[in-house]
Amino acid sequence: MRGVRGVEREGSRGERALTAAKLMLGWVALLWLLEVADVISGHALDGLGIVPRTPSELVDVVPAAFIHFGFAHVAANSVPLLVLGFLAALGGIRRFALVCALIVVADGLGVWLISPSGTNTAGASGLIFGLFGFLLVTGFVERRPLGVLVGLLVAAIWGGTMLAGLAPTQSGISWQGHLVGLVAGVTAAFVFRRRGAASGQALVA
């Protein structure tokens, strides 16, 4: 019976990885399709970005995370979103959806509140910074050695880039959105931590 359960857990992990991969490939493909539609429409979708402290712009808090200003912009976000999203989604699609929802909404509201007047902010980078923060600390929060290893690996690969993205001196970059996204991701690791992780129960989830 022990061997049977082991096979079932392995199959479940394989299915989870496949689902996570499909989800993130579809997500990134959607971003590219939206940018194609934006170009075809004469950049009509750029208006879905967030203009700070304008009440009517609050409806764009979520859509702004899916809109980009040109193919170079969406290309720069595609690989980190694909990889970080895949790693985060391995922990369960439902939790991943909740984590992303918290990051996107918190980041959008943060941009709306603290970005400079007259700017228009859009793109998935706030979510990317949030997923980075989530993966960075969730292993420590849940006391899972594999999660800690993933966090260290993510830090080694993207840590320098993330730190650079928080610098206020960069022109045309929303460091405010990056910072709020990072904080939201770290917060999500605590809010959506798996119960019983400290006793090892989450290792077989």
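**Terms and their grounds**

Modeller: In this predicted model, 78% of the contacts in the protein chain with a separation of 6 or more are between residues 24 or more positions apart.

Biologist: What makes a pair of residues count as a contact?

Modeller: A contact requires heavy atoms within 4.5 Å.

Biologist: How many helices and strands does the protein chain have?

Modeller: The protein chain has 6 helices and 0 strands. Read from the N terminus, the order of its elements is α-α-α-α-α-α.

Biologist: Why is His43 called partly exposed?

Modeller: Buried means under 20% relative accessible area and exposed means over 50%, with partly exposed in between. His43 has 40% relative accessibility, and therefore it counts as partly exposed. This residue, His43, belongs to the loop between helix 1 (2–40) and helix 2. The C-alpha atoms of His43 and His68 are separated by 9.8 Å, although the two residues are 25 residues apart along the chain.

Biologist: Why is Gly26 placed in the class called partly exposed?

Modeller: The relative accessibility of Gly26 is 39%, so Gly26 counts as partly exposed. Gly26 lies in helix 1. From Gly26 to Leu82 there are 56 residues in sequence and 9.5 Å in space, C-alpha to C-alpha.

Biologist: How do you know that the length of helix 5 agrees with its number of residues?

Modeller: At 1.5 Å a residue, the 21 residues of helix 5 should span 30 Å; the end C-alpha atoms are 28 Å apart, and therefore the two values agree.

Biologist: Which residues of helix 5 are buried, and what covers them?

Modeller: The buried residues of helix 5 include Gly147, Val148, Trp158 and Met162. Helix 2, helix 4 and helix 6 are among the elements that cover the buried residues of helix 5.

Biologist: Where does helix 4 bend, and how does its reach compare with the expected value?

Modeller: Helix 4 bends by about 30 degrees at Leu136. From its first C-alpha to its last, helix 4 reaches 26 Å, close to the 26 Å expected. Just after helix 4, Arg143 takes a positive phi of about 55 degrees.

Biologist: What is the reach of helix 6, and which elements cover its buried residues?

Modeller: Helix 6 (residues 175–191) reaches 24 Å from its first C-alpha to its last, close to the 24 Å expected for its 17 residues. Its buried residues include Gln176, His178, Leu182 and Ala189. Helix 3 (93–114), helix 4 (125–142) and helix 5 (145–165) are among what covers them.

Biologist: What is the volume of the largest pocket, and which residues lie nearest its centre?

Modeller: The largest pocket has a volume of about 750 Å³. Its lining consists of 39 residues, and His73, Ser125, Ile173, Ser174 and His178 lie nearest its centre. Helix 2 (71–89), helix 3, helix 4, helix 5 and helix 6 each give two or more residues to this lining.

Biologist: How do the lining residues divide into nonpolar, polar and charged?

Modeller: The lining of the largest pocket has 20 nonpolar, 18 polar and 1 charged. In this count Gly is placed among the polar residues.

How values were computed: Residues are numbered from 1 along each chain as its sequence is written. This is a predicted model: local features need pLDDT of at least 70, side-chain atom pairs count only at pLDDT 80 or more; totals for chains, interfaces and linings use all residues. Side-chain values use heavy atoms; hydrogens and water are left out. Helices (H or I, at least four residues) and strands (E, at least two) are DSSP runs, numbered from the N terminus. The expected span of a helix is 1.5 Å times one less than its number of residues. Buried means under 20% relative accessible area, exposed over 50%, partly exposed in between (1.4 Å probe, protein chains only). On a 1 Å grid over the protein atoms alone, a cavity is a set of points where a 1.4 Å probe fits but cannot get out, and a pocket is an open set with protein on both sides within 12 Å along at least five of seven lines; lining residues have an atom within 4 Å of a point. Grid points are joined across faces, edges and corners, and a volume is the space filled by probe spheres set on the points. The bend at a residue is the angle between axes fitted to the seven residues ending there and the seven starting there.
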